[in-house]
2 protein chains.
Amino acid sequence: MTDLQNIEPQALRKLIRDKKVTGHTSGMAKGYIQANVVILPLDYAYDFLKFCFKNPKTCPLLDISEVGEVNFSKYGKDADITTDVGAYRVYENGELIETPTDVKHLFNDQMVSFLIGCSFTFEHALLEAGIPLRHLEEGHNVPMYITNIPAEPAGRFEGNITVSMRPMTMKDAIRATEITTHFKNVHGTPIHIGNPADFGIKDLENPDFGEPVKIKDNEVPVFWGCGVTPQSVALDAKPELIITHAPGHMFITDVKDSELSD
Amino acid sequence: MTDLQNIEPQALRKLIRDKKVTGHTSGMAKGYIQANVVILPLDYAYDFLKFCFKNPKTCPLLDISEVGEVNFSKYGKDADITTDVGAYRVYENGELIETPTDVKHLFNDQMVSFLIGCSFTFEHALLEAGIPLRHLEEGHNVPMYITNIPAEPAGRFEGNITVSMRPMTMKDAIRATEITTHFKNVHGTPIHIGNPADFGIKDLENPDFGEPVKIKDNEVPVFWGCGVTPQSVALDAKPELIITHAPGHMFITDVKDSELSD
């Protein structure tokens, strides 16, 4: 049986392309960056690229395809974005209409694909530094909350930002800020440490996405910009067509986590 | 007489708009970022934005206007890009046709303006750290060279990168690298330290732009990505219309140098 944890990215993408690997990619091709995917018609690509530029903490852009191309010059030279994600979500005019395992039938020479940083990368660095992550300990997804903080608007894209939350001691929160300053391409430093009411989160036990986590008495909630933001903002704009990865089914890139640290 | 060195950016932009200040802006509104300007038709904006994203060391994008707008959400909320630069260069199909003091007559609701980081900002930080800069000592422009290093192409924009060169001792070169790692939005760390023949520069005494500087026996040439790159690459693409600032007549932004350090 193939060791999916230590497999090379090219080999893993081929297994996904051939539908031999279909599940969540968490922990696979260890050490390589996994990315969020947004595929849009060219008509929306300029506004979306501008949105990414203006909102680096919630929408950290890793790579962008040329128009109509299925690969990425830096993050996946021999990739095919229409087949190399295990499960896609297809939305028309903001409505989910399909969750296929490839999107060859929807792709044309006027589409552009965006790879956006994912928190897997900085979580790995936090764990290496001995900072425990509660949602991993509890074995579920990180809790995510829609804030009342507006993202910088860009063309047709606007909306409030979504954050993910990880509880930790204040000492660990400061150390985590220090570490994530070196991971600007995967959300960077926290957006807030402490009081969620400051930016419109009423109840930490009822996240908008993901599952709640226990916060211990000596811990504070630490909030990072979340990759759900670009998807939700893009969906609000109701483009004729938008394709994303299905949650947990990330695009496996050729770039190592360690190359992202700046 | 107005103290142009300690004037606020808004006031300086008004003087430039009213044609009361017309010369080079070097040293004016001290402490505030000055930016390179590129104004393009919307048709070229997406490719140019993508080029900036793919080439952050030579083309560090600071801000981008909305389509047809003359101001910038972050770097100049009350600015007017058609009047607030002291001298412009207007190119049609890659040919210089005009050097006006405003471009109101050329602007329309399908134009997009880009502000690109300029080396003034990091040079200030190097001087503060006690690193001498020869071209300033000699009282002329920095020498710039076209290399054989290709920029990452994006759509219709492609070409080799241009670098600026500052000679210094190896000790200062290492310290300068340390300092400029915190100035990613104004070219960041050097592209090369040492041997110019490695990337196609034959003769340091004959720069492609600017003036040569003396290199002392105990010094090495240190090369940074240069803001001439986006202009020259954009010109090579021969768009119907491209407007840039004239050399030395920078756009004065509302953002302080110190806010750019990361």
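This is a predicted model: local features need pLDDT of at least 70, side-chain atom pairs count only at pLDDT 80 or more; totals for chains, interfaces and linings use all residues.

Chain A contains seven helices and eleven strands. Its C-alpha trace spans about 55 × 45 × 30 Å along the principal axes. How does the radius of gyration of chain A stand against that of a compact globule? For 262 residues, such a globule would have a value near 18 Å, and chain A has 18 Å, so the two agree.

Let me turn to the helix pair. Two packed helices are described by the angle between their axes and the distance between the axes. In chain A, helix H3, residues 120-128, packs on helix H5, residues 170-180, at an angle of about 125 degrees, and the axes lie 10 Å apart. That angle makes H3(A) oblique to H5(A). The crossing of these two helices, H3(A) and H5(A), is right-handed. On the H3(A) side, the contact is formed by A:Phe122, A:Ala125 and A:Leu126, which meet A:Ala176, A:Ile179 and A:Thr180 of H5(A). Five of the residues in this contact are nonpolar, one is polar and none is charged.

Finally, the symmetry. Chain A is superposed on chain B by a rotation of 180 degrees, with 0.0 Å of shift along the axis and an RMSD of 0.0 Å. This is the relation of a two-fold axis. Within chain A, the C-alpha nearest that axis belongs to A:Tyr46, at 2.5 Å. Both copies use the same surface: 100% of the contact residues of chain A recur in chain B.

Thank you for your attention.

Technical notes
Residues are numbered from 1 along each chain as its sequence is written. Chains are lettered from A and ligands numbered from 1 in the order in which they are written. Side-chain values use heavy atoms; hydrogens and water are left out. Copies are superposed by least squares on the C-alpha atoms of residues with pLDDT of at least 70 in both. Contact means heavy atoms within 4.5 Å. Axes are lines fitted to C-alpha atoms, for helices over the stretch in contact, and angles run from 0 to 180 degrees between N-to-C directions. Helices (H or I, at least four residues) and strands (E, at least two) are DSSP runs, numbered from the N terminus. Angles under 35 degrees count as roughly parallel, over 145 as roughly antiparallel, 65 to 115 as roughly perpendicular and the rest as oblique. A crossing is left-handed if the near helix is turned anticlockwise from the far one by less than a right angle, and right-handed if clockwise. Ala, Val, Leu, Ile, Met, Phe, Trp, Tyr, Cys and Pro count as nonpolar, Asp, Glu, Lys and Arg as charged, and the others, Gly among them, as polar. The radius of gyration is taken over C-alpha atoms; the globule rule is 2.2 Å times the number of residues to the power 0.38.
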